[in-house]
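Me: I am new to this structure and would be grateful for a close look at a single part of it. Please take me through that part in one connected account.

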Amino acid sequence: MKKIIVLLTLLAGLASMALGQKSFSQEGLASYYADKFQGRTTASGDRYDKAKFTCAHMSLPFGTELLVTNLENGKQTTVQVNDRGPFVANRIIDLSRAAAEEIDMVKSGVAKVKVEIASQAKSEASASQTSSKPAGQTAARPKPQKAPAAKPTPRPTPKPTPASQSSAYSAPREEGDMELFGLEVKPLASRALTGYGVQIASYNDQSNMLRRASELEQRFRHLLKVEIISGDDSKSYKLIIGLFPTKAEAQKYRAQLQAVYPDCFIISL
């Protein structure tokens with residue numbers, strides 16, 4: 001078994017990993033936030049507001065807009081991902097109180113729903129309406145009208161794009177077909193690490209580890225490390241935050257993290 005520890009820094013906008021997910025659709029159980037969570041900090045750093053249309057999802061990037069359909073009554077709501085969860089088996093999404101009211105699931109508490117990327121669902125619905133027109137039906141053609149002659153407008157010459165404004169730095173694609181991470185990775189010698197850290201979780205899937213690392217980078221400013229353990233035919237990634245000289249300091253920091261990451265624990269480096 002081989003162990004490698006690296007310092008992981010996520011650089012906003014640099015494309016170093018793309019996940020080919022051209023469409024997203026998920027069905028399962030939805031629940032909603034209890035009122036006691038009002039005002040609490042979410043995994044994205046936002047404050048939970050029961051009057052806003054937000055949600056918690058385990059893997060979709062923060063800011064993603066989702067269309068949620070209650071499969072029991074057909075009612076729909078659009079929400080934005082700003083938290084992680086639900087941490088309950090068989091549930092796929094936690095909705096804010098406002099969103100739960102809009103799809104009429106407050107009384108039941110849990111409802112079977114379909115979750116889609118909002119922009120994708122809109123495009124698919126538009127395409128479906130177009131293809132559903134009767135074959136012989138055509139739109140009435142307007143009578144041609146003569147337009148006054150106009151001088152051709154010269155096309156502006158496109159300005160060259162500076163290297164610093166390349167597509168790698170563009171805003172995330174709305175279609176949700178790609179997930180981008182920018183990384184700066186520095187190998188660390190084990191002797192350079194002395195003290196304690198807080199392990200958030202261990203992942204077999206690298207993309208899941210990067211998503212969680214992105215959350216941590218946005219919310220916390222402590223040293224972020226990944227311990228890579230290579231077996232005969234597999235790898236696992238331990239995500240560790242902080243480098244504390246004493247166990248007492250690490251325990252104090254762990255207490256702050258537990259509100260968001262209840263399963264985190266202290267390790268000796």
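Reply: Two strands are said to pair if DSSP finds at least two bridges between them; strands (E, at least two residues) and helices (H or I, at least four) are DSSP runs, numbered from the N terminus. In these terms, six strands close into a barrel in the order 2-6-3-5-4-7, with mixed pairing. The model is a predicted one, in which local features need pLDDT of at least 70 and side-chain atom pairs count only at pLDDT 80 or more, while totals for chains, interfaces and linings use all residues. Residues are numbered from 1 along each chain as its sequence is written, and side-chain values use heavy atoms, with hydrogens and water left out.

Buried means under 20% relative accessible area, exposed over 50%, and partly exposed in between (1.4 Å probe, protein chains only).

Contact here means heavy atoms within 4.5 Å. Leaving aside neighbours within four places in sequence, Leu239 is in contact with a list of residues including Val198, Gln199, Tyr203, Met209, Leu216 and Val226.

Gln199, one of these partners, lies in strand 9. Its relative accessibility is 6%, so Gln199 counts as buried. Not counting residues up to four places away in sequence, Gln199 touches Lys238, Leu239, Ile240, Cys264, Phe265 and Ile267. The C-alpha atoms of Gln199 and Ser268 are separated by 9.8 Å, although these residues are 69 apart along the chain.

Helix 4 also deserves attention. Its buried residues are Ala250, Tyr253 and Leu257. Seen down the axis of helix 4, these fall within an arc of 65 degrees, so they line one face of the helix; the arc is that of the directions from the helix axis to the C-beta atoms. On the other side of helix 4, Ala248 and Lys252 are exposed. The cover over the buried residues of helix 4 includes strand 9, strand 11 and strand 12 (265–268).
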